[in-house]
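Have a look at the sequence and the fold before reading on.

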Amino acid sequence: MKIVFLDIDGVLNSQRTCIAFGGYPNQPTGFHRDMFDEVAIRLIRGIVKEAGAKIVLSSTWRILNHWNEVGQGLELPIIDATPRLAGHRGEEIQQWMDDYIADNENVEITDYAIIDDDSDMLESQLSNFVHTSNFDGFSWENAMQLCRLLHVDIYDVNRNKTR
């Protein structure tokens with residue numbers, strides 16, 4: 001099983017998108033899909049689909065929004081969210097993996113990637129970390145790195161695309 005741990009702010013929206021769209025997509029008035037970086041969403045969606053991976057929400061968005069609603073709203077295959085601990089994001093990700101393996105003895109996590117603009121990951125996770133810029137969000141370089149981690153050819157993402 002391949003898993004992508006996904007942050008939202010600084011990945012699917014950024015300072016660039018906030019300036020362009022006049023604010024953040026998660027506001028008191030609701031979830032605004034039109035204020036996200038659609039290119040970033042489609043790149044991640046295509047790579048995850050080609051890899052046969054699933055997404056676990058590791059963003060603080062999981063506190064105010066149910067992971068299933070975020071998945072449906074962004075049309076991403078989000079299957080769960082990391083637990084909320086008092087530690088670093090990397091510790092929450094590690095706890096999710098430990099719990100998942102303990103609860104699903106016949107399932108192995110073969111590959112994983114963490115996409116986040118913060119760097120509070122465990123040292124053991126750094127080789128699986130796609131570090132985005134909160135100014136620009138998920139970039140082409142980030143997409144190439146995600147493809148390497150999930151063993152996907154970026155050109156197959158578009159070639160095999162179905163709507």
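## Ground rules

A quick definition before the tour: a polar contact is a pair of N or O atoms within 3.5 Å; within protein, one must be able to donate a hydrogen and the other to accept it, and residues adjacent in sequence count only if both atoms are side-chain atoms. Helices (H or I, at least four residues) and strands (E, at least two) are DSSP runs, numbered from the N terminus.

Keep in mind that this is a predicted model, so local features need pLDDT of at least 70 and side-chain atom pairs count only at pLDDT 80 or more, while totals for chains, interfaces and linings use all residues. Residues are numbered from 1 along each chain as its sequence is written, and side-chain values use heavy atoms, with hydrogens and water left out.

## Helix H2

Let's begin with H2, which covers residues 38–51. Its 14 residues reach 20 Å from first C-alpha to last, close to the 20 Å expected at 1.5 Å a residue (the expected span being 1.5 Å times one less than the number of residues). At the start of the helix, a side-chain oxygen of Asp-37 comes to within 3.1 Å of the backbone nitrogen of Val-39. After the other end comes Gly-52, with a positive phi near 70°.

Which residues of H2 are buried? Here, buried means under 20% relative accessible area, exposed means over 50%, and partly exposed is in between (1.4 Å probe, protein chains only). The buried ones are Ala-40, Ile-41, Leu-43, Ile-44, Gly-46, Ile-47, Val-48 and Ala-51. As background, an α-helix has 3.6 residues a turn, so residues three or four places apart point the same way.

Now for E1, residues 2–6: five of the five are buried, so the strand is largely enclosed by the rest of the structure. In a regular strand the side chains alternate between the two faces of the sheet. Both faces of E1 are covered, with Lys-2, Val-4 and Leu-6 buried on one side and Ile-3 and Phe-5 buried on the other.

Strands pair if DSSP finds at least two bridges between them. E1 has five bridges to E4 (residues 53–57), running parallel, and Leu-6 has Leu-57 as its bridge partner there. Five bridges also join E1 to E6 (residues 111–116), again in parallel, and in that strand Asp-111 stands opposite Lys-2.

## The aromatic cluster

The structure holds four aromatic pairs. Rings of Phe, Tyr and Trp (its six-membered ring) pair if their centres lie within 6.5 Å; planes under 30 degrees apart count as stacked, over 60 as edge-to-face and the rest as tilted.

Phe-5 and Trp-96 have ring centres 5.6 Å apart and planes at 80°, so they pair edge-to-face. With Phe-5 in E1 and Trp-96 in helix H5 (residues 89–103), the pair ties together parts that are 91 residues apart in sequence. Phe-5 and Trp-96 are both buried. Phe-5 also pairs edge-to-face with Tyr-112, at 6.2 Å centre to centre and 80° between the planes. That pair links E1 to E6, across 107 residues. Phe-5, Trp-96, Tyr-100 and Tyr-112 form one aromatic cluster.

Cys-18 is buried at 11% relative accessible area, and Cys-147 is buried at 2%.

Finally, Leu-126 sits in the loop between E6 and strand E7 (129–131), and is partly exposed, with 46% relative accessibility. Leu-126 and Ala-143 lie 17 residues apart in sequence and 16 Å apart in space, C-alpha to C-alpha.
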